[in-house]
Amino acid sequence: MVKATTSGGRLGHEELGWTLGVLLRHYQDEVGQVLADVPQGHRGFQVLASVVHGDQRSQLALAGHLGIDRTVMTYVVDDLVTAGLVERQVDPDDRRQRRLVATTTGRDRLAQLERDVRAAEDRALSSLAGPDRATLRHLLAAAACAIRQIDPVSDPCDAVEQALRPR
């Protein structure tokens with residue numbers, strides 16, 4: 001059932017585009033504050049997280065995985081290098097290639113950022129009960145992985161929980 005607003009318009013709460021737009025804007029407001037001082041903001045955070053946790057070590061592979069234009073990726077990585085969060089190192093398997101490696105500072109910073117981002121995400125989804133948040137995360141991850149044709153190695157919710165556990 002669609003409810004009318006006082007102006008006679010439609011709330012659009014049944015329409016996926018409207019729903020995702022509202023959630024995305026609220027997410028960006030909450031998480032954007034946490035990532036305000038990260039080089040390149042959310043993009044920089046995603047690149048740093050992918051370098052630390054992922055297996056895409058080259059800029060080109062990382063750009064493809066994250067859906068970032070390869071030219072833009074160069075600037076993102078340059079800023080992360082300047083901030084001392086990642087390094088470009090010669091790939092020992094192919095000396096013509098450079099791979100991205102997180103510095104100790106980058107790993108430490110990411111661990112804190114992941115905790116802060118998770119707290120911001122929980123604030124963004126605070127209208128949902130904990131189990132519903134986990135279900136939403138799982139369903140969104142499943143849809144995204146299917147679209148990108150990624151086979152998750154474990155339950156996405158479990159992977160996030162493991163990544164955010166204090167060490």
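Is aspartate 122 buried, partly exposed or exposed? At 23% relative accessibility, aspartate 122 counts as partly exposed. Buried means under 20% relative accessible area, exposed means over 50%, and partly exposed lies in between (1.4 Å probe, protein chains only). The model is predicted: local features need pLDDT of at least 70, side-chain atom pairs count only at pLDDT 80 or more, and totals for chains, interfaces and linings use all residues. Residues are numbered from 1 along each chain as its sequence is written, and side-chain values use heavy atoms, with hydrogens and water left out.

Start with the overall layout. The chain has seven helices and two strands. Its pattern along the sequence is α-α-α-α-β-β-α-α-α. Helices (H or I, at least four residues) and strands (E, at least two) are DSSP runs, numbered from the N terminus. Of the 167 residues in the chain, 30% are buried. Take the contacts with a separation of 6 or more: 46% of them join residues 24 or more positions apart. A contact means heavy atoms within 4.5 Å. The chain exposes about 10,900 Å², and carbon and sulfur atoms supply 53% of that area. Accessible areas come from the Shrake-Rupley method with a 1.4 Å probe; for residues, only the protein chains shown count as cover.

Next, confidence. The pLDDT is the predictor's confidence in each residue, from 0 to 100. The chain averages 83, and 81% of the residues score at least 70. Among the elements, H5 has the highest mean pLDDT (96) and helix H7 (residues 156–164) the lowest (47). Over residues 162–167 the pLDDT is below 50. Beyond near neighbours in sequence, this stretch has five contacts in the model.

Now return to aspartate 122 and its partners. The structure holds eight salt bridges. A salt bridge is a side-chain nitrogen of Lys or Arg within 4 Å of a carboxyl oxygen of Asp or Glu. Aspartate 122 pairs with arginine 118 in one of them, with the closest N and O atoms 3.6 Å apart. Both residues sit in helix H5 (residues 104–124), four residues apart, so about one helical turn separates them. Arginine 118 has 16% relative accessibility and therefore counts as buried.

Aspartate 122 also forms a salt bridge with arginine 133, at 3.7 Å between the closest N and O atoms. Arginine 133 lies in helix H6 (residues 130–147) and aspartate 122 in helix H5, so this pair ties together parts that are eleven residues apart in sequence. Shared partners join Arg118, Glu121, Asp122, Arg133 and Arg137 into one network of salt bridges.

Another salt bridge links the side chains of arginine 96 and aspartate 94, at 3.0 Å from N to O. Arginine 96 is exposed, at 73% relative accessibility. Aspartate 94 is partly exposed, at 22%.

The surface has a nonpolar feature too. Leu16, Leu20, Leu23 and Leu140 form a nonpolar patch with about 360 Å² of accessible area together. Patches are made of residues with over 30% relative accessible area and no salt bridge: like charges are joined within 9 Å, nonpolar side chains (Val, Leu, Ile, Met, Phe, Trp, Tyr) within 5 Å. Helix H1 (residues 16–34) gives the most to this patch, with three residues. Leucine 140 lies in helix H6. At 45% relative accessibility, leucine 140 is partly exposed.
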